[in-house]
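Dear colleague,

Please find below the structure that I am handing over to you.

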Amino acid sequence: MGRLVILSGPSCVGKGPLQAALKRFYPALAGRLTKMVLYNSRNPRPGETDGVDYHFRRREEIEQLRSRGEFLLIDIRGDLQALDMRVLNKTLTGGDALFEGNALMVRMLREQGLVETIPCLSIFLSPLSQEEITWLKRPELHASLADLVTDVMRRKLLRRTRRQKTNLSMRDLENIERRASTGYLEMQEATRYDHVIPNHDGEDSDNWDAFYYPIGDARKTLLSFASLLEGKEPPQVEHWQSDLLA
C-alpha cells in the first residue's frame with residue numbers, strides 16, 4: 001500500500017504555490033504523488049481548472065453524493081466539498097496519494113480511522129512559528145492569538161483577491177472574512193500533525209515565483225517539504241505540543 005501525504009493549513013497560507021514549486025523544482029518527487037481532486041461547490045478562481053484543482057459542481061449535485069456511502073462530505077467555510085473514498089483507496093493500492101485539504105476534513109478522516117490504518121505523512125503549513133506563538137502568549141502583551149491570526153489571514157486573502165480582481169464585491173469581502181475567521185480553529189488542529197512548517201509567504205507573496213526561484217520563507221518551505229517527502233528531518237520543521245494553542 002502507498003502512503004497518504006496530507007498537506008493542510010489555513011486558506012491562503014501557501015499550499016497551492018508550494019505544490020507548483022515542487023512540480024517545477026522537484027519533478028521526480030512531485031511525480032510520485034497522485035493528487036486527490038475533491039468536489040467543490042464554489043466557483044473556480046482565476047487560473048484554476050476543473051478536474052485538476054477541484055471538480056467544480058453545483059452544491060445540489062454534491063449534496064446528491066451524500067446518499068452514496070463512498071463519498072465523504074463536509075462544509076468548509078460555506079463551500080461544500082466531497083472526497084471520493086473509492087478513488088483514494090484505489091490510488092493507495094498503486095502508490096502515494098496527496099491530500100491537500102482543510103484541516104477540518106482531515107479531522108473527519110481521522111475520526112473514520114483512515115489516518116491511523118495506513119502509512120501517513122501529515123504536514124501543516126502555519127502562518128506563525130512556534131516561537132512567535134509562545135512569545136505572543138506572554139501575559140504582559142495582552143495579545144489575542146485568535147484575533148491576530150484572523151487579521152494575518154485577512155490581509156493575505158485581501159492581497160490575493162486584489163491580484164485576481166480589480167474591484168472587490170461585497171461577496172468577495174464576505175468570503176475573505178469567512179475564510180480568515182476559521183484560520184485559528186484550523187491552526188489548533190496542527191498539534192495532531194506529524195510536522196508543522198512555519199511559512200510567512202502565503203499565496204499573496206511574490207517570493208514564490210516573481211523571481212523564478214523561490215526566496216525567503218517560500219524557499220525554506222519548499223526545501224522543508226521536499227526533505228520530508230524524502231524521509232529527512234529538515235531544521236525548519238516544528239513539532240507542536242498539544243497545549244501550544246490551548
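This is a predicted model: local features need pLDDT of at least 70, side-chain atom pairs count only at pLDDT 80 or more; totals for chains, interfaces and linings use all residues.

Is His142 buried or exposed? With a relative accessible area of 72%, His142 is exposed; here buried means under 20% relative accessible area, exposed over 50%, and partly exposed in between, with a 1.4 Å probe and protein chains only. His142 belongs to the loop between helix H7 (130-136) and helix H8 (145-164), where helices (H or I, at least four residues) and strands (E, at least two) are DSSP runs, numbered from the N terminus. Its phi is near 55°, a positive value in a residue other than glycine.

Residues are numbered from 1 along each chain as its sequence is written, and side-chain values use heavy atoms, with hydrogens and water left out.

Cys12 lies in the loop between S1 and helix H1 (15-25). In contrast to His142, which is exposed, Cys12 is buried, with a relative accessible area of 1%.

The largest nonpolar core has 65 residues, and Leu4, Leu22, Leu83, Leu88 and Phe99 have the most contacts inside it. Such a core is a set of buried Ala, Val, Leu, Ile, Met, Phe, Trp, Tyr and Cys residues joined through side-chain atoms within 4.5 Å. Helix H11 (residues 216-229) gives this core its largest share, six residues. Apart from it lies another core of seven residues, among them Tyr39, Phe71, Leu80 and Ala82. Beyond its neighbours within four places in sequence, Leu83 is in contact (heavy atoms within 4.5 Å) with residues including Met36, Leu38, Phe99 and Met105.

Strand S8 (residues 120-126) has six of its seven residues buried, so it is largely enclosed by the rest of the structure. S8 pairs in the parallel sense with strand S1 (residues 4-8) over five bridges, two strands being paired if DSSP finds at least two bridges between them. Leu4 has Cys120 in S8 as its bridge partner. S8 also pairs in the parallel sense with strand S9 (residues 195-198), over four bridges, and Phe124 stands opposite Val196 in S9.

A separate topic is the open sheet of four strands, in the order S4-S3-S6-S5 and with mixed pairing. S4 and strand S5 (71-76) stand at the edges with a single partner strand each, so one side of each is left without a neighbour in the sheet. S5 and S6 run antiparallel and are joined by six bridges; Asp75 has Leu80 in S6 as its bridge partner.

Strand S6 (residues 79-84) also contains Asp79, which counts as buried at 9% relative accessibility. The side chains of Asp79 and Arg179 are joined by a polar contact of 3.0 Å. A polar contact is a pair of N or O atoms within 3.5 Å; within protein, one must be able to donate a hydrogen and the other to accept it, and residues adjacent in sequence count only if both atoms are side-chain atoms.

In helix H5 (residues 103-111), the buried residues are Ala103, Leu104, Met105, Val106, Leu109 and Arg110. At the start of H5, a side-chain oxygen of Asn102 reaches to within 2.6 Å of the backbone nitrogen of Leu104. Just after H5, Gly113 takes a positive phi of about 80°. Arg110 lies over the face of Tyr193, at 5.2 Å from the ring centre; this requires NZ of Lys or CZ of Arg within 6 Å of the ring centre and within 35 degrees of the ring normal.

Finally, the aromatic rings. Six aromatic pairs are found in the whole structure. Rings of Phe, Tyr and Trp (its six-membered ring) pair if their centres lie within 6.5 Å, with planes under 30 degrees apart counted as stacked, over 60 as edge-to-face and the rest as tilted. The rings of Tyr212 and Tyr213 have centres 4.8 Å apart and planes at 90°, so this pair is edge-to-face. Ring pairs link Phe25, Tyr212 and Tyr213 into a cluster. Tyr212 counts as partly exposed, at 44% relative accessibility, whereas Tyr213 counts as exposed, at 53%.

Yours sincerely
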